[in-house]
Amino acid sequence: MTGMFSISRMEIKKIFDTSTCVFLIILFITTIIDNVLYYQMNLSKSVELSGNIGISLFIIQIYFIYLGSNMIGSEFSFGTSKMVFSRSQIIHIKSVSFLFYTSLYGIFNILIGLTVQLIIGKHFSSMEILSTLFSVWIVYIVYFASILSVGIFTISITFNRVYSLIAGYVLYIFLYNIGIQIVERDESWMKTIMENTPFYIASDGFSTLYYNINDIIYLSFFSVVIYIIGLYIIKKRDLK
């Protein structure tokens, strides 16, 4: 158990490299810009207490795809593992660590939004704050879990983190943007298919910071299945 916590702490520390520092600086700047623009232009938000909106939320999306797609690609070369823990156990530990880390951004999102709301003189009940906090926290976990599972699956097949990153950005950004155009303009079977792909549902829900219960069940099931398949392939290739 001590070893597991040590690996978990080590993985959290390793996240804070140069790329993360650059991300945090960009996130800080875009968060300020977003909130200034939204309140100056009196725009509405899908979640009133959210602090990361528009550009800053998109920056988080890009960063999450980078983390999820890159999680094991930068850590392991394939072959038989010679460690105290099996490769699968290490991936489990890393996955939990990364899920915990990324979920914190959901909490920070609401804390930033709450701070801004208090500055401009708006107040909310404790129940409203807690319910919104929990809802957004779940959104961040579900979204990153789907990215993480796809990243592990892609790495298990390609052995290449670059391909994993490309797959992540294509599925969760490029395909989603195409999906928006199809959903808005098309009434054919293409619209139905696109609206029900896990990548469209995940990205659309994250952009609005809301998943309904069916979305959560669907994306959770998808993530678990793809995660298990990815681990199975990794185990098989370790034995070769």
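Contact is taken here to mean heavy atoms within 4.5 Å. By this criterion, in the predicted model, Leu-57, Ile-60, Gln-61 and Phe-64 of helix 3 meet Ser-203, Phe-206 and Ser-207 of helix 8. Helix 3 comprises residues 55–70, and helix 8 comprises residues 198–208.

The geometry of this pair was examined next. Two packed helices are described by the angle between their axes and by the distance between those axes. For helix 3 and helix 8, the angle is about 140° and the axes lie 10 Å apart. Angles over 145 degrees would count as roughly antiparallel, and those from 65 to 115 as roughly perpendicular; helix 3 and helix 8 are therefore oblique to each other. The crossing of these two helices is right-handed. As regards the spacing of residues along a helix, an α-helix has 3.6 residues a turn, so residues three or four places apart point the same way.

Helix 3 also contains Ser-56. This residue has a relative accessibility of 0% and therefore counts as buried, the limit being under 20%. When residues up to four places away in sequence are not counted, Ser-56 touches Leu-27, Thr-30, Thr-31, Asp-34 and Gly-51.

The side chain of Ser-50 reaches the backbone oxygen of Val-47 at a distance of 2.6 Å. With neighbours within four places in sequence left aside, the residues in contact with Ser-50 are Lys-45, Asn-109, Ile-110, Gly-113 and Leu-209.

Helix 4 spans residues 87–119. It has 33 residues and reaches 48 Å from its first C-alpha to its last, close to the 48 Å expected at 1.5 Å a residue. Just after helix 4, Gly-121 adopts a positive phi of about 95°.

Within helix 4 lies Phe-100. The relative accessibility of Phe-100 is 52%; because exposed residues are those over 50%, Phe-100 counts as exposed. The C-alpha atom of Phe-100 is separated by 8.0 Å from that of Ile-141, a residue 41 places away along the chain.

Conventions: Residues numbered from 1 in each chain as written. Predicted model: local features only at pLDDT ≥ 70, side-chain atom pairs only at ≥ 80, totals over all residues. Heavy atoms only, no water. Helix = DSSP H or I, 4+ residues; strand = E, 2+ residues; numbered from the N terminus. Buried < 20%, exposed > 50% of the residue type's maximum accessible area, 1.4 Å probe, protein only. Expected span 1.5 Å × (residues − 1). Polar contact = N/O pair within 3.5 Å; in protein donor to acceptor, adjacent residues only side chain to side chain. Axes fitted to C-alpha atoms, helices over the stretch in contact; angles between N-to-C directions. Parallel < 35°, antiparallel > 145°, perpendicular 65-115°, else oblique. Left-handed = near helix turned anticlockwise from the far one by under 90°.
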